[in-house]
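Subject: Structure for you to look at

Hello,

Here is the structure I promised to pass on. Please open it and keep it beside you while you read my notes on its salt bridges.

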Amino acid sequence: MNTFDTVVVGAGIAGITAANLLSRAGQRVVVVEARDRVGGRLWTDRTAGFCVDLGASWIHGVDGNPLTDLVEAFGIDTVEFTVGAFQPDGRPIANYSPSFELLDSVAAQRWADDVHGVDEELERAIDSSDAGQSYATVAAQALATRDWDTERVQRVWEFYRHRTEEQCGAHISEVAAHGLDEDVIFGDEVVFPGGYDQLVLTLARGIDVRLNQVVDTVVWSAEGVRVDTATASFHGHNVVVTVPLGVLKSGAVEFVPELPPEVSGPIERLGMGVFVKVFLRFPQRFWPSDVYAIRQQGAAGDVWHSWYDASGSSGQPMLLTFAGGPRGREVEAMADEQVVRSALASLRQIYGEDVPDPVDYWITRWGGDPYSMGSYSYVAVGASHEDHDAMATPAGGTVHLAGEATWSTDPATVNGALLSGHRAAERILGEPIDLAQLQAVDS
């Protein structure tokens, strides 16, 4: 019989971290993974001869980040590519007006100053907001303090809308007023020319991972757990369930008995965003080399509003753009050719018809992925940041949820997922674990 001390469901960074630490403590651990690979939402495509990260791409702020120490210990190369929280300035940004004209430095700063000024009002509106209010509500309240014409108001409003789409993968009306409170970056951000999955692949060395095992049922009690797939059952004293929030919300994994309200309530209240990445590789660069982002204002930026120069890590002339929330779901429903045509049309409105066709492209579709059902979690209207941690409340002392959605201070990040796996391992062992243990690479 498949009997273990701990069964881990999901071979993403949270599950592999928990399994690694528990194994080092002498436990018999198995990781049960639905996919045919480890990594979860860490997924690097190498088919073109260089790396394209289709899931997580960045370490969001290297200062005080546990990922920084791991990457250095493992000798993984990184390239600085600081995007920061979605912002109107602070980095070289080429802003284009609704009529596709490049804003000069004075006009661009005037617009950025508008955003910064309203941001101060927005903070006050958020501080005094009710629990059920949305980011849209407080943004509208902040903008109402300005005696501006419709055009000027619209430019700031669309910035706030795009901010929630990019940071939360959700529409501004779906995000709680406090939904972006934790959206702070400390230090530079970096990406991985050799692929982000190097991190999880290194941590997974020596771990017993069973691939292509789709979990459908977790039977639990204070005495132990049983994890069932279509072809096998795994028994353990504890289970760490790290499937994404979207899968938990769908009910694809049945818990018998049902999870207690202190766990199921947060699962219901928190939101799972959809965030589509589109990489376009071109035969040559046609955009300025001194900008890190290209922004399109107005109706023309409804879907494709921001472009980022992704050439630094790949060594290829490549642009990266995003579509989040409802727009992301619409893009996911389009055929690849439609997506590429739409994105190209946006670029050609800015740079003219001489923009060449891409020689390659990558389009992510996490919302339609049955083992993810979304890109990352966010604080939806009616939820709170406390719901993230509450979701990880142990059930019966044997069921432990982990993953980015269960970490309140850094949800939607790889470091949040890693720290949640660390927490689950500590709770199972009933003692502190030095996270530095992960840095010891097993051959």
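Arg281 counts as buried, because its relative accessibility is 18% and buried means under 20%. Bear in mind that this is a predicted model. The side chain of Arg281 meets that of Asp360 in a salt bridge, at 3.9 Å from N to O. Arg281 lies in strand β14 (residues 275-281) and Asp360 in strand β18 (residues 360-363), so this pair ties together parts that are 79 residues apart in sequence. Asp360 is partly exposed, with a relative accessible area of 25%.

Next, look at Asp387 and Arg269. Their side chains form a salt bridge at 2.9 Å, N to O. Asp387 sits in helix α12 (residues 386-390) and Arg269 in helix α8 (residues 261-269), so the pair ties together parts that are 118 residues apart in sequence. Asp387 is buried, at 6% relative accessibility. Arg269 is partly exposed, at 38%.

Now a pair within one helix. Arg155 and Glu158 join their side chains in a salt bridge of 2.9 Å, N to O. They are three residues apart in helix α5 (residues 150-168), so about one helical turn separates them. Arg155 is buried, at 9% relative accessibility. Glu158 is buried too, with a relative accessible area of 9%.

There is also a network. Salt bridges link Arg161, Glu165, Asp302, Arg327 and Glu330.

How many salt bridges does a search of the whole structure find? The count is 22.

Best wishes

Definitions and conventions
Residues are numbered from 1 along each chain as its sequence is written. This is a predicted model: local features need pLDDT of at least 70, side-chain atom pairs count only at pLDDT 80 or more; totals for chains, interfaces and linings use all residues. Side-chain values use heavy atoms; hydrogens and water are left out. A salt bridge is a side-chain nitrogen of Lys or Arg within 4 Å of a carboxyl oxygen of Asp or Glu. Helices (H or I, at least four residues) and strands (E, at least two) are DSSP runs, numbered from the N terminus. Buried means under 20% relative accessible area, exposed over 50%, partly exposed in between (1.4 Å probe, protein chains only).
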